[in-house]
Amino acid sequence: MIGILERFRRWRRARRLDAVAVSDEMWARAEARLPFLDYLEAEHRPRLRELARAFIAEKQFYGAHGFALTDEVIVTIALQACLPVLRIGLRPYRGWVGVIIYPGDFVIPRKIMDETGVVHEYDDEVLGEAWEGGPVVVSWHDEAEVPERVNVVIHEFAHKLDMENGEVDGLPLLPAGMSRKAWAEAFSAGYEHFCRQVDAHEETALDPYGSESPGEFFAVASEAFFEAPCLLQEDFPAIYQQLRQFYGADPAAGERRVYGEPPQDAGVESP
């Protein structure tokens, strides 16, 4: 039996959702900025829109450093945030409410202690950050200024999925039927290979920032999974297969449907 408190929560969520009205024109404008959404199966697009509406209803959006929030910005961010949870819904995003948007790159003051106990302070210029139990912070760039091979929204929300299973270590909470052993083998081999490529200053299929840690590698691979899936599938087939099961989607098939054969400038073969 559903308790009174749960019924009230559902009623309140329904009221908030009813207040989020997105016109067909607004959906079209936001989606035009995200051509990789065309890789979705036709039946998945309505579900993504409904998840995005629910996300907007549940979250609070803030513009930082004078950034003027518009409906188009909010809808565009919500669509990307919901793409990784298209299979499972918004459950992993509960427990926090804030999405903070900066105009372009921003600086976060850091403090670290070295092995000798000395504390070092510095300013870290970043594109985004996800805080455990707290907000997601992302940068917004005009279309002409979007960093190449980077999707900061998908990246940071992949971190949120990673956090659902504890620390950010590249092992999110896997759905029933997925093997932790198979996941670990695919990602460990792929990460080691990728780090060797970066250390050797080779051209890489993924953003070199992914070599920072296994957690960053998972987030960078997730970006590529949705934006450049054929490239990821060719260079890291085992990782693509794991992400295909995890995200419940096959965007490489969608990319081939839209563009035909995979791009010819794919990177170095994976081990």
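**Crossing of helices α3 and α4**

In this predicted model, helix α3 (residues 44-58) and helix α4 (residues 71-82) have axes that come within 8 Å and cross at roughly 115 degrees. Axes are lines fitted to C-alpha atoms over the stretch in contact, with angles from 0 to 180 degrees between N-to-C directions. Because 65 to 115 degrees counts as roughly perpendicular, α3 is roughly perpendicular to α4.

Residues L48, L51, A52, F55 and I56 of α3 meet I74, V75, A78, L79, A81 and C82 of α4, contact meaning heavy atoms within 4.5 Å. Helices here are DSSP runs (H or I, at least four residues), numbered from the N terminus.

**Helix α10 and its buried face**

In helix α10 (residues 251-259), P251, A252, G254 and E255 are buried, that is, under 20% relative accessible area with a 1.4 Å probe, protein chains only. Seen down the axis of α10, these residues fall within an arc of 155 degrees, so they line one face of the helix; the arc is taken from the directions from the helix axis to the C-beta atoms.

The buried residues of α10 pack against α7 (214-227), α8 (229-235) and α9 (237-247). After α10 comes G260, with a positive phi near 90 degrees.

**Confidence and conventions**

The protein has a mean pLDDT (the predictor's confidence in each residue, from 0 to 100) of 85, and 79% of its residues reach 70 or more. Over residues 266-271 the pLDDT is below 50, although this stretch has 17 contacts in the model beyond near neighbours in sequence. Where pLDDT is low, the predicted coordinates should not be read in detail.

Residues are numbered from 1 along each chain as its sequence is written, and side-chain values use heavy atoms, leaving out hydrogens and water. Local features need pLDDT of at least 70 and side-chain atom pairs count only at pLDDT 80 or more, whereas totals for chains, interfaces and linings use all residues.

Notes:
Buried < 20%, exposed > 50% of the residue type's maximum accessible area, 1.4 Å probe, protein only. Helix = DSSP H or I, 4+ residues; strand = E, 2+ residues; numbered from the N terminus. Parallel < 35°, antiparallel > 145°, perpendicular 65-115°, else oblique.
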